[in-house]
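Hi,

Here is the structure I promised to pass on. Have a look at it first, and then read my notes below.

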Amino acid sequence: MSIEAELREEFDRWERREYAVINVLPYLLLAASTVVTLLQRIWGAQMHLPAVLGLTLATTIWVVWFHTRPQWHQDGPLMGLYYAGLMVLGGSLVALAPWYGIFTFVGYVHAFLLLRGRWRYVGVAATSMVQAVSYVGGLDRISADADGWWEWVVVALVTMVLAGAFFHFADMGHQRNHQQQRALVELHEANVKLEEAMAENAGLHAQLLVQAREAGVLDERQRMAREIHDTLAQGLAGIITQLQAAEQSPDEPAVSRRHVTNAINLARESLTEARRTVHAVGPAMLAEARLPDAIGDVTRRWSEAHHIDAMLTTTGDPRPMHADVEVTLLRAAQEALTNVAKHAKASRVGLTLSYMEDLVTLDVRDDGVGFEPDARRVNGSTTGGFGLAGMRQRVQRLAGRLDIESEPGGGTAISATVPAIPAGARS
């Protein structure tokens, strides 16, 4: 059980005990007053016993009639009427038999419970005046003594002040308990809402885990697709090109041998890159050299293999970048050169690697036949088309941008721009 629940149960237990005492208190006090009064009568005290017993019965009926109907307790005027009748009956009893002052103590309790606002203190004053008659010995003694009325006034005033002060502090304590109970109710409601929110969050967390797992699977598939395209597909395309060139040179053994050697080298490199892809390891070229050197080496070998002039220019301050940045730009250079070899029919290619303060940009320009960037591929599913899409995915994954400018007969310019994330930082 929570602390909040224990406190609420403790408050409820004390409240039940309090109301049980309050419910039986008028009858106990009335019974005690009657017993003491009868004993006084036996010991010789003078009183009109039938009147006393009749008022006692009337008082009992009056209290029972109102006190056993809790639904009336919220009706202010009706409770005012009850309290006025209680004071009249109690005052009459005290006037006949002073020991009924024991019973009139209940006036304080009922004023607190049944009256509202300032009427509570009016009830306290009325009860104090009735009880003061009992304190000074009864109405007969007050009337018999010349100073009896002054004595009654003084006792009544003192009783009013003391009872009013006690009543005020009791009222403050009651308000404090009410505030605590209300705070516990609000705390309970907040805990219920919190538990519901936690249950909802648990469901959302489970959904997020499923979505994250699915997103991880999709991301891994996309990574494998990009890597396969950038390694195996490009390598196989290069091998086919070299073998076709060797096949077309049967009368030139040296040229044919060179093309076959290039094909073998491409196959070895592709096999190495495929293994690194499976193990999610960066390209071997970046493991052995910095990004400008790696792109320069790719450019040089591509130029030698395809007999197309290609040159890399580096601007800015070359510095180590995060592995994802360098892999993205290296793969962009490889894909751009592969596209030039397959489609552009270019005679010259220029690559520019620019290091800026917040960005790193790779520009690849050729003087080939160009194409319409917005035109749809007719056969993009099996003959290509993943290259530019994969390049764009790589760049956008780093919050970068890929721009393609081309027109038929006007060459092509590809620009890949990514944030300059330094080595060792989180991407």
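The sheet is an open one of 5 strands, running E1-E2-E3-E5-E4 with mixed pairing. (Strands, E, of at least two residues and helices, H or I, of at least four are DSSP runs numbered from the N terminus; two strands pair if DSSP finds at least two bridges between them.) E1 (309–315) and E4 (401–406) sit at the edges with a single partner strand each, so one side of each has no neighbour in the sheet. From one strand to the next, the twist averages 10 degrees, with angles running from 0 to 180 degrees between N-to-C directions and axes fitted to C-alpha atoms, for helices over the stretch in contact.

This is a predicted model, where local features need pLDDT of at least 70, side-chain atom pairs count only at pLDDT 80 or more, and totals for chains, interfaces and linings use all residues. Residues are numbered from 1 along each chain as its sequence is written, and side-chain values use heavy atoms, without hydrogens or water.

Back to E4: it pairs with E5 (residues 412–419) in the antiparallel sense over 6 bridges, and Arg-401 stands opposite Thr-417 in E5. Their hairpin has 5 residues between the strands, and Gly-409 there has a positive phi near 80 degrees.

Cheers
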